[in-house]
Amino acid sequence: MEAPSRPSLSRLAQASEDRETRRSTGLGFVRTTFWAICHFVFYFAQQVAEVLAPLCLVLGIGWMALPRALAAITTGSASTDPQAQDVMNHVVGSIPDHLTIGSHVMTPGGLIFDGFLLMAIAAVGATISAVAARNM
């Protein structure tokens, strides 16, 4: 079993010459500009998604876990003192289960879903920006 042979040096030089003649035309400039814009847009989307995804996940998980953790504290050690139990029940009851900002309703599950959706957007942005960089 033989290893495949390496491409000849003249063939490598010929491919780069073809590339240069293709890029020297107006069509090559338009093609490079198109891929550069695609690379910028998807790389920017990836960067924004990478910043916001952990924020959404942490806020959603914290918002979902906080009432449960406080309820566990209320039923645990605070049950011996009725006044402390009333205070903790008031605190647990004051945590909203949703927030309405304008016409957008935010819930803990929605924030977690948005965090995972932003991670998917970051992955798609990284893939497309890599393809765009390769085609430039």
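Trainee: How far apart are the end C-alpha atoms of residues 51-70, and how much of the span is helix?
Mentor: Those end C-alpha atoms are 29 Å apart, and the span is 100% helix and 0% strand. Helices (H or I, at least four residues) and strands (E, at least two) are DSSP runs, numbered from the N terminus. Keep in mind that this is a predicted model, where local features need pLDDT of at least 70 and side-chain atom pairs count only at pLDDT 80 or more, while totals for chains, interfaces and linings use all residues. Residues are numbered from 1 along each chain as its sequence is written, and side-chain values use heavy atoms, with hydrogens and water left out.

Trainee: What does UniProt say about that stretch?
Mentor: The unreviewed UniProt entry places the feature "transmembrane region" at residues 28-45, 51-70 and 111-133. UniProt positions are given in the numbering used here, feature names are shortened, and annotations may be inferred rather than shown by experiment.

Trainee: And what about residues 28-45, how far apart are their ends?
Mentor: For residues 28-45 the end C-alpha atoms lie 26 Å apart, and that span is also 100% helix and 0% strand.

Trainee: Zooming out, how many helices and strands are there in the protein chain?
Mentor: The protein chain has four helices and two strands. Going from the N terminus, the order is α-α-α-β-β-α.

Trainee: How much of the chain is buried?
Mentor: Of its 136 residues, 17% count as buried. Buried means under 20% relative accessible area, exposed over 50%, and partly exposed in between, with a 1.4 Å probe and protein chains only. The protein chain exposes about 10,000 Å², and carbon and sulfur atoms supply 68% of that. Those areas come from the Shrake-Rupley method with a 1.4 Å probe; for residues, only the protein chains shown count as cover.

Trainee: Which residues make up the largest nonpolar core?
Mentor: There are seven: Ala49, Ala53, Cys56, Trp63, Leu111, Leu118 and Ala122. Helix H2 (26-75) and helix H4 (108-135) each supply at least two of the core residues, and H2 has the largest share with four. A nonpolar core here is a set of buried Ala, Val, Leu, Ile, Met, Phe, Trp, Tyr and Cys residues joined through side-chain atoms within 4.5 Å.

Trainee: What does alanine 122 touch?
Mentor: Not counting residues up to four places away in sequence, alanine 122 touches Gln46, Ala49 and Glu50. Contact means heavy atoms within 4.5 Å.

Trainee: Gln46, then: is glutamine 46 buried or exposed?
Mentor: Glutamine 46 sits in helix H2 and is buried, at 10% relative accessible area. Leaving aside neighbours within four places in sequence, glutamine 46 contacts Ala122, Gly125, Ala126 and Ser129.

Trainee: What else is serine 129 in contact with?
Mentor: Apart from neighbours within four places in sequence, serine 129 contacts His39, Phe42, Tyr43 and Gln46. Serine 129 belongs to helix H4, and its relative accessibility of 6% is why it counts as buried.

Trainee: Where is isoleucine 121?
Mentor: Isoleucine 121 is in helix H4. The C-alpha atoms of isoleucine 121 and alanine 53 are separated by 9.5 Å, although the two are 68 residues apart along the chain.

Trainee: Changing topic: which residues form the nonpolar patch on the surface?
Mentor: That patch is Ile37, Phe40, Val41, Phe44, Val48, Val51, Leu52, Leu55 and Leu59, with about 860 Å² of accessible area together. Patches are made of residues with over 30% relative accessible area and no salt bridge; like charges are joined within 9 Å, and nonpolar side chains (Val, Leu, Ile, Met, Phe, Trp, Tyr) within 5 Å. A salt bridge is a side-chain nitrogen of Lys or Arg within 4 Å of a carboxyl oxygen of Asp or Glu.

Trainee: Why does phenylalanine 40 count as exposed?
Mentor: Because its relative accessibility is 56%. Phenylalanine 40 lies in helix H2.
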